[in-house]
Amino acid sequence: MNTSAVVIGSAIGLTAGTHLPSGIKIILMQALGLATTVIGLRMALEAQHVLLAIGCLLLGGVSGELLCIEQRLEGLADRLRRTLRSDSSRFVEGFVTATLLYLTGAMTIVGSIQDGTIGDPSVLLLKSLLDGVASVALASSLGIGVLFSALPVLLVQGGITLLAAQLSFLSQPVVLDAINATGGLLILGIGINLLEIGRIRVANLLPALGYAIIGALLFS
């Protein structure tokens, strides 16, 4: 459902985008950027382990830079663009931005584990609705790369769902709190990028989520 929502939303955005004036595309991206920023701030500020999240963010940033995660993700997107012979100048940006937006956050983990362990897809259905709406706005401005972000959504969320029984420890409240705090900061970074306030290499901060899980388990 989530993958389909991204594909359908992207298709609508690509179709409608050709008929939208540039001013409307800009305001849609700004609105999405503002909404993303607010969501990220709320997630980070509501969590109880903000200091842990900040420490994990610093460690994650160093690890991500050493591993060149964002560059590798951009390289993957560029290879996909060449394979598809797409002439979209923003293919890579659309793919990376959408992938990070859809997979960064506790809803991905919580929804997948609930679906895989007790067969409750309610969180993923809500996430599907949100991602589908975001896909319309993103695809209308960033192009077809957004549509292909559906593939990482399928692989990551599908993988967590299939492994849910082994990953059920991720649904512990203390772990979810750490993921929410750290994920909120990452989502805030995505919002800043969408608003073009600056350019944060959010993908290079992704290891912070792993550190947040480890830290929560160690210090809980």
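Helices α4 (69-84) and α5 (91-103) are oblique to each other; angles under 35 degrees count as roughly parallel, over 145 as roughly antiparallel, 65 to 115 as roughly perpendicular, and the rest as oblique. Their packing angle is about 125°, and the axes are 9 Å apart. Axes here are lines fitted to C-alpha atoms over the stretch in contact, with angles from 0 to 180 degrees between N-to-C directions. Helices are DSSP runs of H or I, at least four residues, numbered from the N terminus.

This is a predicted model: local features need pLDDT of at least 70, side-chain atom pairs count only at pLDDT 80 or more, and totals for chains, interfaces and linings use all residues. Residues are numbered from 1 along each chain, and side-chain values use heavy atoms, without hydrogens and water.

Back to the pair. On the α4 side, the residues in contact (heavy atoms within 4.5 Å) include Leu73, Ala77 and Leu84, and on the α5 side Phe91, Phe95 and Leu100 are among them. By class, that contact has nine nonpolar, no polar and three charged residues. Ala, Val, Leu, Ile, Met, Phe, Trp, Tyr, Cys and Pro count as nonpolar, Asp, Glu, Lys and Arg as charged, and the others, Gly among them, as polar.

Now the loops. Most residues other than glycine have a negative phi. Arg85, in the loop between α4 and α5, has a positive phi of about 55°. Arg85 is exposed at 77% relative accessible area, where exposed means over 50%, buried under 20% and partly exposed in between, with a 1.4 Å probe and protein chains only. Cys68, between α3 and α4, also has a positive phi, near 55°, and is partly exposed at 30%.

Conventions:
Helix = DSSP H or I, 4+ residues; strand = E, 2+ residues; numbered from the N terminus.
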